[in-house]
Amino acid sequence: MQLSGAQIICEMLIREGVRHVFGYPGGANLPLYDSLPQYPQLEHILVRHEQAAAHAADAYARVIGDIGVCFATSGPGATNIVTGITNAWMDSVPLVCITGSVVTALVGRDGFQEADITGITIPVTKHNYLVMNVADIARVMREACHIARTGRPGPVLVDIPRDVQQHITEFVYPEKITLRGYNPPVYADQKEIEKAVELIAEAKKPIILAGHGVIISRAYEELKELAEKADIPVITTLLGISSFPGTHPLYQGMPGMHGMYWNNMAISQADLVLGIGMRFDDRVTGRLKDFAPNAKIIHVDIDPAEIGKNVRPHAALNGDVKHVLKQLNHEISEQQHPDWLSYLAGLKEQHPSISIRDTDKLLPQYVIKKIYDATQGDCYIVTGVGQHQMWAAQYFWYDRPNTFVTSGGLGTMGFEIPAAMGTQLAAPNDVVWSICGDGGFQMTSQELATISENNIPVKFAIINNNYLGMVRQWQDLFYKGNQVAVKMLNPDFVKLAEAYGILGIRVTQQVEVAAAIEEAMRHPGPVVVEFVVDEEENCYPMVPPGAALQETIDMPVYSEEVLAAR
Amino acid sequence: MSIKHTIVALVENKPGVLNRIASKWRQRSFNIESLAVGHSEVDGLSRMTFVVDAATTDVEQVVKQVDKLIDVIRIEDISDRPILNRELALIKVKATPANRSEVLQIVDIFRANIIDVSATTLIIEVTGDEDKVDSLLTLLGDYGIMELCRTGRVAMIRGEDGVTLSEDDHREILLPHLNGDRAPGGIF
């Protein structure tokens, strides 16, 4: 079959199972867009800024558990997706980006709208390609998708000059590929498994730190079996949230910088830490040299480079989480740790990190809690980055797997709107709540047009404190309260929503919260609910930057004078 | 204390591969002492030898991070193996008719070669491990080194063992067709 390069791209995407593509056309990818109408199986979502295409495809990929695809043109189109690519890179998301490039004759000659996008994205992609020959497109597409979705997933960029998209060649579907430099591990070394089994048998105060790898590997069953069989409490990292049932008696919530007080103490006292599909990130460990000082470490990760990068493990289980946990579960014996569990329960009682204080004011935590009450956790939660993100992690109990979509590693404000879009398209029958900050919302609010145009029924909850809250919190705590460039004069978010043809609701009183959430969920289309919350509320517990987990500041006691002064 | 590790990598001979590897070094602040790249025994495959100082750089991370690159097929820290290290240097020294014979004597002792002579200069070619080259340079320093060019270390394991492709590196990956059926959800 004689096809153009552009047609081959579409043929290959369809064969890779792709249904939705997020993108933006331009001079260098016009042949690709010219071919799209011939492939109605590929539904194209026209975003309003390329960054949103990458974030939407990123969230889509997380939810569906396979590749998400975005298109952009050369030059500024391509550089606009770099933030989205980096976000996917930091959170190990299988994103496939197809960019048009200037015609081959102009490559390397500073042609109009040329940017060296393969050069630019080398440090933030798992691999990338510049395809100069139409005969290579089919193979490259196959390799790109394979590399993106297997092993430790990650973004792959394929840059194709405009004329190469137009050239015609015989299309042969590549059944086989050869990647001699790529062979991700699956099973852990049996000797290391035996070491781990022994460590688990000996442990008196074990804890599990479950990360994004559990979700990527779809190892929910295996994690639950391990936790229950060995009677080990489960802490989830930010990206590990919804890898373990939120209401399970062994579930402990999040650790680290804004983690639960009891978790940070548990990690500090534990004699065994099982890090599963996580990378001992600085937000989790606090000051590294004081992390888990009494613990032996078991580290399960598919990426050999993660093992020993931050923490040197006593048992290194290098393989796919699902397969490694199966290996482990097969060999471990049943354990009981009643003393340890009741000790942790006691800590929880003395330091209830997530109680909402009694006040008539509209507190952000209260809003999150009410969304939980209204949905009973049967929904997706998407967030931006900042205080609201931490509250969404703390005050919600995720009882369905993989229902928390957030920007972890890169911490990309503005993720919340396009990511909600991608999440809703990936899970069309589910309710999607996007918890937003007033700052981040304005970074990508142009996507309300995309959402309105496609009637994507996302429910946005803007936690509006008219501040860049997390930055202000740092200025308050670590810069002597010198608040600089954090107060925001915001637009009327209700009118903004209405301008895009979206229902807008404003809530200023605690008593209105539940009704507004109900109304938003009853409404069949997208909704923006602006919650005008108490401006001064800060996010606790908190480990000061550079401090150890042992130095966690628990919920501050609000004195009457402080509260009166507000 | 400086402990120099010798790392050998087999990489695809494609445009941009060196850039990818150098990018890893730069991004993660790995300090590379020397680098030598050239063809290997297999067509389409380049062999790199690079030297890392363990005092300033986490050698295990260097190996693992570079190994993650798709274009890197094999990488090994061969420092603990029985290896031969060599580098080549071209040294241009000042040598007048008055002291030329002294220089020639030194060159002779080091089994180096004179590859160019002019009225006032000599170009010396020397092969050996870094210590040998360093010693020669020290001795020649007195005469005035005008130009110096060192290749960086290349290394090979003695005997049957080596850093070469294995059977496993030629395997073909048969991938499944993925026509649709991608669904969210699942339950605990």
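Student: Which residue follows H7(A), and near what value is its phi?
Tutor: The model is predicted: local features need pLDDT of at least 70, side-chain atom pairs count only at pLDDT 80 or more, and totals for chains, interfaces and linings use all residues. Residues are numbered from 1 along each chain as its sequence is written, while chains are lettered from A and ligands numbered from 1 in the order in which they are written. Helices (H or I, at least four residues) and strands (E, at least two) are DSSP runs numbered from the N terminus. After H7(A) comes A:Gly151, with a positive phi near 60°.

Student: How many of the 13 residues of H7(A) are buried?
Tutor: A residue is buried if 20 or more other C-beta atoms lie within 10 Å of its own, exposed if 12 or fewer, and partly exposed in between, with C-beta atoms placed from the backbone. The buried set includes charged residues, among them A:Arg142, A:Glu143 and A:Arg149. Their cover includes helix H1 (5–15) and strands E5 (95–101), E6 (127–130), E7 (156–161) and E9 (176–177) of chain A. H7(A) is therefore mostly covered by this definition, and its buried residues number eleven.

Student: Which helix gives the most to the side of domain 1 of chain A that touches domain 3 of chain A?
Tutor: An automatic or database assignment divides chain A into domain 1 (2–170), domain 2 (190–350) and domain 3 (364–539). The C-alpha centres of domains 1 and 3 of chain A are 30 Å apart, and their contact (C-beta atoms, placed from the backbone, within 7 Å) takes 23 residues from each. Strand E3 (43–46), H3 and helix H5 (82–90) of chain A each supply at least two residues of the domain 1 side. With eleven residues, the helix that gives the most is H3(A).

Student: Is A:Asn455 buried or exposed?
Tutor: A:Asn455 lies in the loop between helix H20 (448–453) and strand E19 (459–464) of chain A. Its phi is positive, near 45°, although the residue is not a glycine. Because A:Asn455 has 11 C-beta neighbours inside 10 Å, it counts as exposed.

Student: Is A:Ala485 buried or exposed?
Tutor: A:Ala485 is in the loop between helix H21 (469–478) and helix H22 (493–499) of chain A. Though not a glycine, A:Ala485 has a positive phi of about 55°. Because A:Ala485 has 9 C-beta neighbours inside 10 Å, it counts as exposed.

Student: What is the omega of the cis peptide bond between A:Tyr540 and A:Pro541?
Tutor: A:Pro541 belongs to the loop between strand E21 (527–532) and helix H24 (560–565) of chain A. The cis bond joining A:Tyr540 to A:Pro541 has an omega of about -5°.

Terms used
Contact = placed C-beta atoms within 7 Å.
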